[in-house]
Amino acid sequence: MSDDVLTVTMNPAVDHTVRVTEPLRTGAVARTDDAKFDAGGKGINVSKYLTALDVDAPATGFLGGPFGRMIRDRLTDDAVPNDFVTIGDRTRLNTTVLGPEGEYKINHDGPTVSEDEVETLVERVRARDPDRLVIAGSLPNGVSTADVDELASAGDWETAVDMGGASLTELDASYLVCKPNREELGVATGMAVETTADCVAAAQALRERGFEFVVASLGPDGALLATDSGTYHAAALPVDVVDTVGAGDALLSGFLAGFARGESERTALRTGVTVASRVVAASGTSVPDFEGVFETRDDVGVSTARP
Ligand SMILES: O=P(O)(O)OC[C@@]1(O)O[C@H](CO)[C@@H](O)[C@@H]1O
């Protein structure tokens with residue numbers, strides 16, 4: 001394993017996951033003894049999953065306030081290397097409610113980051129000089145897509161991005177990987193994404209806008225990989241889904257872990273789907289057991305996909 005992957009989470013979050021046994025009702029107090037707190041945010045999740053998959057994947061970005069300290073402590077306790085820029089404002093807390101009628105996810109907008117803090121982050125990334133950079137998650141106030149382009153272009157690294165569809169349309173630098181979900185594919189391309197064939201067309205269109213690989217997460221419909229050698233569809237593995245939070249991060253992590261191991265594009269896609277299937281079977285964004293991932297990835301069916 002040679003490549004190191006530095007992840008950048010501009011807008012980390014403590015992930016608060018609670019399970020309630022009764023449907024939520026207005027005006028009523030829902031009580032639970034089932035709550036957990038994970039260090040979260042998309043890039044941080046990628047660092048957690050990649051570290052567990054034996055890839056050197058330190059995490060950076062912005063942290064501040066009590067939730068920021070909680071995330072830093074948790075990552076350090078879990079042996080996930082981290083080097084965040086401390087900001088004056090407070091890192092957010094995001095909540096997932098798992099109830100009998102499904103999953104609710106509430107994400108806070110997050111803190112405001114100053115220009116100086118952004119510049120410190122760019123310098124931090126330059127000093128680390130990774131082989132690959134992953135920039136993932138929403139942008140807090142004060143950070144723009146121009147800053148994302150600056151990070152992607154500030155060194156010789158290859159960059160993967162995972163951000164909202166509207167942000168994807170504003171990026172100008174060249175990127176190795178883009179990891180949209182179905183909705184982001186639609187927003188980024190303005191195309192219909194009802195069927196898997198629609199998603200194939202949208203992934204190919206997005207690729208032409210400057211992403212070498214588009215890895216799209218389609219939930220129960222599996223995942224797509226658009227490359228210059230073709231577009232491939234991977235079926236989802238049959239698992240009991242506890243919650244879907246972190247599934248896209250896991251797909252990207254598995255794909256990048258495959259890349260770091262020198263796997264072919266299709267095999268890296270299979271690894272991504274296998275890693276994602278482990279993550280959705282565990283609650284919150286904690287790291288599940290990845291034992292046997294590289295031995296069982298061939299269970300994922302991959303076929304050539306056309307629009
Ligand atoms: O608000 P963003 O930055 O788009 O997403 C943040 C988030 O929902 O993404 C992760 C799951 O992918 C969670 O750890 C975290 O709460």
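Visitor: Which residue forms a salt bridge with Arg-128?

Guide: This is a predicted model, in which local features need pLDDT of at least 70 and side-chain atom pairs count only at pLDDT 80 or more, while totals for chains, interfaces and linings use all residues. Residues are numbered from 1 along each chain as its sequence is written, and side-chain values use heavy atoms, leaving out hydrogens and water. A salt bridge is a side-chain nitrogen of Lys or Arg within 4 Å of a carboxyl oxygen of Asp or Glu. Here the closest N and O atoms are 3.5 Å apart, and the partner of Arg-128 is Asp-83.

Visitor: How many residues apart in sequence are the parts that Arg-128 and Asp-83 tie together?

Guide: Helices (H or I, at least four residues) and strands (E, at least two) are DSSP runs, numbered from the N terminus. Arg-128 lies in helix α3, whereas Asp-83 lies in the loop between α2 and β5, so the parts joined by this pair are separated in sequence by 45 residues.

Visitor: Is Glu-263 buried or exposed?

Guide: Buried means under 20% relative accessible area, exposed over 50%, and partly exposed in between (1.4 Å probe, protein chains only). Arg-261, with which Glu-263 meets in a salt bridge, is partly exposed at 39%. Glu-263 has a relative accessibility of 13%, and therefore counts as buried.

Visitor: How far apart are the end C-alpha atoms of helix α8?

Guide: The expected span of a helix is 1.5 Å times one less than its number of residues. Helix α8 has 14 residues (247–260), so it should span 20 Å; in agreement, its end C-alpha atoms are separated by 20 Å.
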